[in-house]
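Colleague: I am new to this one and would like to understand the words you use for it. Could you show it to me first?

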Amino acid sequence: MNYELRNRLPKTLVCSLLLVVYCLLPTDTRAQEPDVFQTIQDGGQVTITQNKQIEDAMRSSIYRNVYKKSKGYRVRIFFDNGKTARDRSTAIATGFKKNYPDVAVYRVFEDLYFKVAVGDFRTKTDAMRFLNEISKSYPSAFIITDQVNLRRGAGFVDATEVVIDTPADSTEVEVKEVIQ
């Protein structure tokens with residue numbers, strides 16, 4: 001036999017043997033792993049380990065998005081520039097907050113006027129519904145276009161407190177919106 005053929009024969013034989021063994025191995029390795037959903041359904045416990053950087057990035061994203069603003073609507077319940085406007089705007093904002101604790105209140109001094117606006121509404125229809133609800137208590141109220149606070153996951157903030165749940169071993173992020 002030729003010298004080159006004798007040297008190649010064992011290599012070819014070994015490669016062919018490895019190919020046959022590889023083909024005989026089970027092709028579905030997932031069948032050997034436990035089914036996570038079945039484990040949970042049977043009352044078992046599944047532990048998920050994740051990188052700390054993923055958790056930090058998620059917290060940072062949530063924190064930034066709580067403060068996002070977008071074009072929307074509010075209901076203006078007071079505006080005045082008289083001598084008692086400051087005290088009246090404070091009293092109206094406080095009174096409104098007592099009657100509607102889940103609705104954000106915004107009190108500002110702008111263009112020589114004290115103004116009180118309430119709510120963060122995505123659509124004018126939502127603002128109109130709320131205006132109809134409060135129209136007996138605030139007959140001079142009207143709808144304004146404004147930059148409103150986004151609510152994470154659903155659209156806009158309409159509550160005074162947003163708490164982001166976190167595991168006990170990490171810090172709790174708490175965001176509170178107060179009368180301004």
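Colleague: Which residues does Ala127 touch, not counting residues up to four places away in sequence?

Modeller: Ala127 touches Tyr73, Val75, Phe121 and Ile143, where contact means heavy atoms within 4.5 Å. Keep in mind that this is a predicted model, where local features need pLDDT of at least 70, side-chain atom pairs count only at pLDDT 80 or more, and totals for chains, interfaces and linings use all residues. Residues are numbered from 1 along each chain as its sequence is written, and side-chain values use heavy atoms, with hydrogens and water left out.

Colleague: Why is Ala127 called buried?

Modeller: Buried means under 20% relative accessible area, exposed over 50%, and partly exposed in between (1.4 Å probe, protein chains only). Ala127 has 0% relative accessibility, so Ala127 counts as buried.

Colleague: And why does Lys115 count as buried?

Modeller: Its relative accessible area is 11%, so Lys115 is buried as well. Among the residues that Lys115 touches are Arg76, Phe78 and Tyr106.

Colleague: What makes a polar contact with the side chain of Lys115?

Modeller: The side chain of Glu110 does, at 3.0 Å. A polar contact is a pair of N or O atoms within 3.5 Å; within protein, one must be able to donate a hydrogen and the other to accept it, and residues adjacent in sequence count only if both atoms are side-chain atoms.

Colleague: Why is Val36 called partly exposed?

Modeller: Val36 has a relative accessible area of 42%, so the label is partly exposed.
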